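Open the model in your viewer and keep the sequence panel beside it. The stops below go from the whole chain to single residues.

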Amino acid sequence: MLMRTDPFRELDRLTQQVFGNAAGTWSRPTAMPMDAYRSGDEFVVVFDLPGVAPDAIELDVERNVLTVKAERRPVPTDGKVEMQISERPLGVFSRQLFLGDTLDTDRVQAHYDAGVLTLRIPVAEQAKPRKIAITGADTRKEIKA
């Protein structure tokens, strides 16, 4: 089971959209958009990080808290380039998720391609549904009439 950690983060995100996109910093990062769903015996979490280099992404799990931080840096130029339009926000983006005890945090897989970070978090073996065999003593008795 996945849970969000900060109910005010969505309010912060909406405020930033209305009043301007301030760049996130390491002490006050901007939220990154994400989708999460269950697929069979794993949870899949997808983060949108276009324009972020793979080496600028940090992924940590401490106890049951998963933290994703990424930094979108300015495109390096040789000084002869004059920027005409710059709409993509720069700075630090972050998201934290509480992971339930039913997820196996030791086997998290991460894949980054085309600006999309995909995490696959398997369901722990002890949390998977299973059938339990029922045994009983042989209670047959012979009835004499």
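Which pattern does the protein follow, read along the sequence? The order is β-α-β-β-β-β-β-β-β-β, and the secondary structure comes to one helix and nine strands. Helices (H or I, at least four residues) and strands (E, at least two) are DSSP runs, numbered from the N terminus.

This is a predicted model, in which local features need pLDDT of at least 70, side-chain atom pairs count only at pLDDT 80 or more, and totals for chains, interfaces and linings use all residues. Residues are numbered from 1 along each chain as its sequence is written, and side-chain values use heavy atoms, with hydrogens and water left out.

**Whole chain.** Show the surface. The accessible surface of the protein comes to about 10,900 Å², with 52% of that belonging to carbon and sulfur atoms; such areas come from the Shrake-Rupley method with a 1.4 Å probe, and for residues only the protein chains shown count as cover. Of the 145 residues, 27% count as buried. Buried means under 20% relative accessible area, exposed over 50%, and partly exposed in between (1.4 Å probe, protein chains only). Contact means heavy atoms within 4.5 Å. Among contacts between residues at least 6 apart in sequence, 58% join residues at least 24 apart.

**Select D104.** Look in the loop between β7 (91-99) and β8 (109-113). Is D104 buried or exposed? D104 is buried, at a relative accessible area of 17%.

Now display its side chain. The side chain of D104 reaches the backbone nitrogen of D106 at 3.2 Å. A polar contact, also of 3.2 Å, joins the side chains of D104 and R107. A polar contact is a pair of N or O atoms within 3.5 Å; within protein, one must be able to donate a hydrogen and the other to accept it, and residues adjacent in sequence count only if both atoms are side-chain atoms. Leaving aside residues up to four places away in sequence, D104 touches I121, P122, V123 and A124.

**Select R63.** Go to the loop between β5 (57-62) and β6 (65-72). R63 is exposed, with a relative accessible area of 75%. Check the backbone: R63 has a positive phi of about 55°, although it is not a glycine. Most residues other than glycine have a negative phi.

**Select A114.** This residue is found in the loop between β8 and β9 (116-122). What is the phi of A114? The value is positive, about 55°, and A114 is not a glycine. A114 is exposed, with a relative accessible area of 74%.
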